[in-house]
Amino acid sequence: MSDYEENESKFLRKAKENPFVPVGMAGFFAIVGYRLLKMKSRGDTKMSVHLIHMRVAAQGFVVGAMTIGVIYSMYRDYIVKPREEQKAVTQK
């Protein structure tokens, strides 16, 4: 197995464990791409202000995706798993 295939399978495994990481990455690149295309029509706004707004929007999306991912992980670990364990005990 080549290094490329190992990295690809590692990425897919990590994406299945934490599904909001690829969502955060995709959102980050989408926002940056959109803001770079919008740079031509920024009007009188200074370049530095435009770049700061782009960075804040992209970081905000990533932080939001991470927060939702942590909440989802906590839900799985503290609500779903105990229910499954309790059902397994009561079925025996």
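Tyrosine 75 has a relative accessibility of 40%, so it is partly exposed. Keep that scale in mind for the residues below. The model is predicted.

Start with the record. The unreviewed UniProt entry annotates residues 20-37 and 57-75 as "transmembrane region". How much of residues 20-37 is helix, and how much is strand? The span is 100% helix and 0% strand. Its end C-alpha atoms are 25 Å apart. Residues 57-75 are likewise 100% helix and 0% strand. Here the end C-alpha atoms lie 27 Å apart.

Now turn to helix 2, which covers residues 20-38. Methionine 25 sits in this helix. Its relative accessible area is 39%, so methionine 25 is partly exposed. Phenylalanine 61 is 36 residues away from methionine 25 along the chain. Even so, the C-alpha atoms of these two residues are separated by 9.0 Å.

Arginine 35 is also in helix 2. Is arginine 35 buried or exposed? Its relative accessibility is 16%, so arginine 35 counts as buried. The cut-off for buried is under 20%. This arginine is buried yet has no salt bridge. A salt bridge needs a side-chain nitrogen of Lys or Arg within 4 Å of a carboxyl oxygen of Asp or Glu. For arginine 35, the nearest side chain of opposite charge is aspartate 44, and that is 15 Å away. Which residues does arginine 35 touch, leaving aside those up to four places away in sequence? They are His50, His53 and Met54. Phenylalanine 11 gives a contrasting distance. It is 24 residues from arginine 35 along the chain, and the two C-alpha atoms are separated by 27 Å.

Follow one of those contacts across. Histidine 50 lies in helix 3, which runs over residues 47-91. Histidine 50 has a relative accessible area of 5%, so it is buried. Beyond residues up to four places away in sequence, histidine 50 touches Arg35, Lys38, Met39, Arg42 and Thr45. Methionine 47 lies in helix 3 too. At 35% relative accessibility, methionine 47 is partly exposed.

Tyrosine 75 belongs to a nonpolar surface patch of about 610 Å².

The last stop is a charged pair. How many salt bridges does a search of the whole structure find? It finds one. Lysine 81 forms a salt bridge with aspartate 77, and the closest N and O atoms are 3.8 Å apart. Why are the two partners about one helical turn apart? Lysine 81 and aspartate 77 are four residues apart in helix 3, which means a separation of about one helical turn. Lysine 81 has a relative accessible area of 43%, so it is partly exposed. Aspartate 77, at 33% relative accessibility, counts as partly exposed as well.

How values were computed:
Residues are numbered from 1 along each chain as its sequence is written. This is a predicted model: local features need pLDDT of at least 70, side-chain atom pairs count only at pLDDT 80 or more; totals for chains, interfaces and linings use all residues. Side-chain values use heavy atoms; hydrogens and water are left out. UniProt positions are given in the numbering used here, feature names are shortened, and annotations may be inferred rather than shown by experiment. Helices (H or I, at least four residues) and strands (E, at least two) are DSSP runs, numbered from the N terminus. Patches are made of residues with over 30% relative accessible area and no salt bridge: like charges are joined within 9 Å, nonpolar side chains (Val, Leu, Ile, Met, Phe, Trp, Tyr) within 5 Å. Accessible areas come from the Shrake-Rupley method with a 1.4 Å probe; for residues, only the protein chains shown count as cover. Buried means under 20% relative accessible area, exposed over 50%, partly exposed in between (1.4 Å probe, protein chains only). Lys and Arg count as positive and Asp and Glu as negative; His and the chain ends are not counted. Contact means heavy atoms within 4.5 Å.
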